[in-house]
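Open the model in your viewer and keep the selection panel at hand.

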Amino acid sequence: MTTPKAIAGWALWLPLGIFALFVGLVLVGLLRPASHEIESAMIGKPLPPFDLPAAVADRPGLALAHMATGKPRLLNVFASWCIPCAVEAPQLAKLAAAGVQIDGVAIRDRREDLTAFLARNGNPYARIGADDVSELQMAIGSSGVPETFVVDGKGLIRYQHIGEIRAEHLPVIEGKLREAGQ
Amino acid sequence: MTAEFGLVALWLAAALAALQLIAGALPLTGRGGELAGLVRPAAAVQGLLCAVSFAALVVLFCQTDLSVKLVAANSHSAKPFIYKLAGTWGNHEGSMLLWVTVMGLSGAFVALVERRLPERTMLATLAGQAFVSLGFYAFLLMSSNPFERLAQPKVEGNGLNPLLQDIGLAFHPPTLYLGYVGLSVAFSFAIGALITREVGPAFARAMRPWVLGAWIFLTLGITAGSYWAYYELGWGGWWFWDPVENASLMPWLAATALLHSVSVLAARNALRAWTIMLGVVAFSMSMVGTFLVRSGVLTSVHAFAVDPERGTFILALLAINIGGALMLFALRAGTVTEGERFAVTSREGALVFNNVMLSAILGIVLFGTLYPLLAEALGARVSVGPPYFNPMGALFVVPMLVVMAVGPLLRWRRDRIGRIRHELIAIAGLVGIAAIGLAAWSGIGLLPFIGLALAGALAVASLMPLRGRRLLRTPLATWGMVLAHFGIAIALFGMASESAFSVEKLVAAKVGETTQVGPWAIRLDGVQPVAGPNWTAIEAPLSASYRGGSAVVLHPQARSFWQPPQQTAESALLTRWNGQLYVVLGEEADDGRWQLRLWWKPFAPLIWLGGVLIALGGLLALLGRVIADLRRIAAREKIAYRRERQGR
């Protein structure tokens, strides 16, 4: 007769060890910023009609009418609960300081959280629309936050940047803005 | 008002879970013994409140109350009623509410019904259940409140993803959730037993119906999900090794292993630590699966709305629940006394072998699912698919099925292979004949070949435990096992046949043109526009005739939904006893031709028929066990009553 012998002490810790590896792995996956190049289906298409109410007290809301003004601009999809959005704030500030018009779309956010977020990270936006049900976000083919769209003077989407804008992305974005202005 | 009412009910349920935890845990430390009486009522009321809260959300969706954020984001007034109803759980918040509701109700059920276990173990179990629930309540109330209002009501809702606007949505997620969450009871039982160190047949008998019930729902949920993906996605495949599918398969594998080891524990008082461990792992896999698909760490065909805050929250829950349980296991399992001994050649031996194989398959699926993450951490983007899963899985599935054919014929404790040699020779002979027959049929792959031969042998072997028995007096549980094993053979046959003999054709057809696919002649009769409640479509009537027989008309459609704007391909299926014809209408080409995708899949429906048989087998076994338990309770009461009368 064989029998399952008394299990070795270390073997009992094995499941916990495997689980710890799993947690470590997904933690890396979660914290790593999602930033991969995807050619958007919306490039070259006009923005859909939209009219979003103001998300914070000191900036007006955002509608399609504000976008096609003859000058290229950035449409930044963000949220106060999104960690990479804070990471890209300095880059947006740099762009705003260089005279780029940036409009924000706040996804599923709360006014007080957003105000605090802007106070902490700076406010580069001319207008901020509140997209409480991801209505505009879905319509322009954005699947996450942050994402940034280059929109030309006629309201056509010219470029989509997925993930946070890091310092090394600035030349590309500036280039796309120049292209859109021509 | 309804939304606020639902939210209040949810908060109260959370408060009761806290009470249940404290009242259950304190008496175990020797203090607050008078609190113990509160545990069962708290569990019952908590379940009720959850149900009330979920009902409130259902009402909001049915009324399309657009002042509620969740409804505005996921529903639309023009949507058919059944999808308004099913839309309640077709989104993150609603499905998490369904999760806690199922969990609350099953906790209430355990609290009210289960009286066999020692009271201390029950207290620990219910406290464990409350602890796990509390985490999910916190998750709902803090980061996924389904009842949140909008400052300004929307005029119209966003609509529901058209792929989800299908009758499958009404059944598939709730079934799967009943399975996922049913395993939480097994988890809590395992925790309870670890805390009080009382592991034995009584514990196994209390746990078994829950494992069986959850397993039945998981089986049905996976079967339904597979069929739904098969006809709704229009890709012609029935299993894609997508992370979401794997997320449902992993708990099933663990639950299947648990189901068998808990039977060994109940019948023979062996495999104690192993059963406990599987009880922990099974529900852990449910939670891991939920985490993987909800957090967005893996990309999949299921595009759930994801945000990192939620991912982090669920990960923290996982770390606490699973990490805590495994820690407890590591500390306590060594002190759980050893169970009964058994020989290698015995029914227990065969079951242990299958348990190990199932665990290995689980490991392979888990590794394959996580591999893209691992690779990405090392700087590469990869996707793992059938080329990994199929051969690696087969490596363990094949030996498992061989032992599965033989195992039920063996006796408990110890046996000799010689005793069942006639059966073995019969099975081996059948495999041989099938193999020779198939080999003559050249040109099928190795795996489908093995699959077909094994399916034949397994079908016969699965019926052998009934040999020489009086069928009417055979216990229901035995019938259940036979039917479930037979279902595996049927499903395996369908899978192998689908992969070996499917014929696929992609054509650009003119109206009036006939195409041959397998034994079918298919003519494109015309192309016409049709309209539904919230979509318009191009429909192509196709006349299909089998080997020159009379024609049947199929109606594949290319649908355009307008809210949200999205196109879907509605495939059309024609089922015969020996297979399924599957047609999809594609794009219009420039010269007035239409793209058609045509498949003839011999015996493919057996895949899902097998799944249903497996679940049905589980149901028979469950009924058998419950009836036997009820009889035992009745008999015990009778004896007690008699003793009482004699004593007077």
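The tour below goes from confidence to the chain contact, then to a helix and the strands.

**Setting up.** This is a predicted model: local features need pLDDT of at least 70, side-chain atom pairs count only at pLDDT 80 or more, and totals for chains, interfaces and linings use all residues. Residues are numbered from 1 along each chain as its sequence is written, while chains are lettered from A and ligands numbered from 1 in the order in which they are written.

**Confidence.** Colour by pLDDT, the predictor's confidence in each residue, from 0 to 100. Chain B averages 85, and 94% of its residues score at least 70. Now select residues 301–305 of chain B. Here pLDDT stays under 50. The model has 8 contacts for this stretch beyond four places in sequence; two residues are in contact if their C-beta atoms, placed from the backbone, lie within 7 Å. For the complex, the predictor gives an ipTM of 0.77 and a pTM of 0.79.

**Chain A.** Helices (H or I, at least four residues) and strands (E, at least two) are DSSP runs, numbered from the N terminus. Trace them from the N terminus: α-β-β-β-α-α-β-α-β-α-β-β-α. Of the 182 residues of chain A, 39% count as buried. A residue is buried if 20 or more other C-beta atoms lie within 10 Å of its own, exposed if 12 or fewer, and partly exposed in between, with C-beta atoms placed from the backbone. Among contacts in chain A with a separation of 6 or more, 76% join residues 24 or more positions apart.

**Where the chains meet.** Bring chain B back. The contact takes 36 residues from chain B and 27 residues from chain A. On the chain B side, select α3 (69–74), α10 (272–295), α11 (308–332) and α12 (347–377); each supplies at least two residues. Which helix gives the largest share? α11(B) does, with 12 residues. The chain B side divides into 22 nonpolar, 7 polar and 7 charged residues. Ala, Val, Leu, Ile, Met, Phe, Trp, Tyr, Cys and Pro count as nonpolar, Asp, Glu, Lys and Arg as charged, and the others, Gly among them, as polar.

**Helix α9(B).** Select residues 243–268 of chain B. The expected span is 1.5 Å times one less than the number of residues. 23 of the 26 residues are buried, so α9(B) is largely enclosed by the rest of the structure. Next comes N269(B), whose phi is positive, near 55°.

Go to β4(B), residues 528–531, and β5(B), residues 535–539. They run antiparallel, joined by 4 bridges. Two strands pair if DSSP finds at least two bridges between them. The hairpin connects them through 3 residues. Pick A531(B): its bridge partner is T536(B).

**The open sheet.** Select the 4 strands β1-β12-β11-β10 of chain B, in that order; the pairing is antiparallel. β1 (503–509) and β10 (572–576) stand at the edges with a single partner strand each, so one side of each is left without a neighbour in the sheet. 7 bridges join β1(B) to β12(B), residues 594–602.

**Last stop.** Centre on L554(B), in strand β7(B), residues 552–554. Buried or exposed? L554(B) is buried, with 21 other C-beta atoms within 10 Å. L554(B) touches L542(B), A544(B), A572(B), L574(B) and V583(B), not counting residues up to four places away in sequence. The C-alpha atoms of L554(B) and A572(B) are separated by 6.1 Å, with the two residues 18 apart along the chain.
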